[in-house]
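Trainee: I'm new to this one. Could you walk me through it, please?
Mentor: Gladly! Let's have a look together.

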Amino acid sequence: MKELFPVKQVMGFVFSLIFTAIALSVYFFDLSFAAGLTILIVTAFIQAILQLVVFMHAGETKDKWAIYGNVYFMIFIGLITIFGTLFLFIWDM
Amino acid sequence: MKLDHSQPLEYSTGQNNLNIFGFWIFLGAEIMLFATLFTSYFTLEHRTGSGPTGAEIFEITPVLIETILLLTSSFVIGLGIHAMRLGKQKAMISFFAITLLLGLAFLGVEIYEFVHYVHIGAGLQTSAFTAILLTTLGTHGLHVTFGLFWGLAIILQVKKCGLTPETANKSFIFSLYWHFLDVVWIFIFSFIYLKGMM
């Protein structure tokens with residue numbers, strides 16, 4: 001039974017829950033908008049990387065660099081799309 | 001077909017390796033799909049017109065239940081893949097079944113949430129904000145719904161054919177899809193719900 005619950009994945013799950021709890025603090029405590037958003041950005045990206053590395057095994061084969069390259073490139077393009085649009089339409093720069 | 005026994009079953013043929021890599025490329029396109037939805041959401045979130053704002057309609061309890069359900073399901077399918085690599089077919093199928101049940105529970109809470117939104121006057125046509133909110137949540141929910149049918153098909157195939165390079169490959173690719181849906185939910189949870197209620 002024990003072999004079905006590898007330490008690495010159990011720890012991955014525990015850390016996911018911890019980071020979810022940290023993210024929840026922005027709801028329960030009266031933080032400034034900037035502080036709250038910083039917490040959310042940090043916890044969300046740590047959790048995403050946790051999933052990618054621990055659960056999706058992104059780095060276990062020789063395709064590692066192609067896989068990470070593809071994912072990070074898409075995240076980069078995604079962020080440019082999001083922030084480029086915000087610059088033009090919302091922040092009026 | 002050349003089998004490489006130094007690798008787990010799902011990587012054991014050249015075709016399998018390409019299938020998995022190809023699926024990562026697809027996930028890259030999915031990242032972009034959700035990035036454009038988030039772009040529209042951030043652009044429109046304050047255009048509430050005469051409708052309600054996010055802070056007025058979001059409720060922490062169902063959102064938290066959804067988050068825990070999906071996080072747990074993502075962990076459980078990870079255990080399923082681990083069991084598959086140990087060659088324990090029964091344990092793997094049980095983990096996959098639990099994953100799908102958690103996914104179904106998630107979907108149930110989300111459907112309740114949607115009915116609730118429409119009921120309190122935050123439907124698809126109320127304002128730019130509610131339109132993009134329901135579109136973004138709905139696109140994710142649709143992915144989960146599709147995943148439920150896909151996962152069921154995977155379980156049936158593993159039951160029928162056992163653990164072969166083909167079924168292991170399909171199961172692993174499905175697990176990638178399911179983990180990805182959890183990643184998307186983490187961002188929805190953080191930047192739509194929590195940011196909206198902050």
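Mentor: One thing before we start: UniProt positions are given in the numbering used here, and annotations may be inferred rather than shown by experiment. Also, this is a predicted model.

Trainee: Where in chain B does UniProt place the feature "transmembrane region"?
Mentor: The record is an unreviewed entry. For chain B, UniProt lists residues 21-43, 63-81, 93-112, 132-156 and 176-194.

Trainee: How far apart are the end C-alpha atoms of residues 132-156 of chain B?
Mentor: That span is 100% helix and 0% strand. Residues 21-43 of chain B are also 100% helix, with end C-alpha atoms 33 Å apart. For residues 132-156, the distance is 36 Å.

Trainee: Is H2(A) roughly parallel or antiparallel to H6(B)?
Mentor: Helix H2 (residues 33-55) of chain A packs against helix H6 (residues 165-197) of chain B at about 175 degrees, with axes 10 Å apart. Angles over 145 degrees count as roughly antiparallel. Therefore H2(A) and H6(B) are roughly antiparallel.

Trainee: How many nonpolar residues does the contact of H2(A) with H6(B) have?
Mentor: Among the residues making the contact are A:Leu37 and A:Phe55 of H2(A), and B:Ile186 and B:Phe191 of H6(B). By class, five are polar, two are charged, and the nonpolar ones number 10.

Trainee: Which helices are included in what covers the buried residues of H4(B)?
Mentor: Buried residues of H4(B) include B:Phe95, B:Leu102 and B:Glu110. Their cover includes, from chain B, helices H2, H3, H5 and H6.

Key: Residues numbered from 1 in each chain as written. Chains lettered and ligands numbered in written order. Predicted model: local features only at pLDDT ≥ 70, side-chain atom pairs only at ≥ 80, totals over all residues. Helix = DSSP H or I, 4+ residues; strand = E, 2+ residues; numbered from the N terminus. Axes fitted to C-alpha atoms, helices over the stretch in contact; angles between N-to-C directions. Parallel < 35°, antiparallel > 145°, perpendicular 65-115°, else oblique. Contact = placed C-beta atoms within 7 Å. Nonpolar A, V, L, I, M, F, W, Y, C, P; charged D, E, K, R; others polar. Buried ≥ 20, exposed ≤ 12 C-beta atoms within 10 Å, placed from the backbone.
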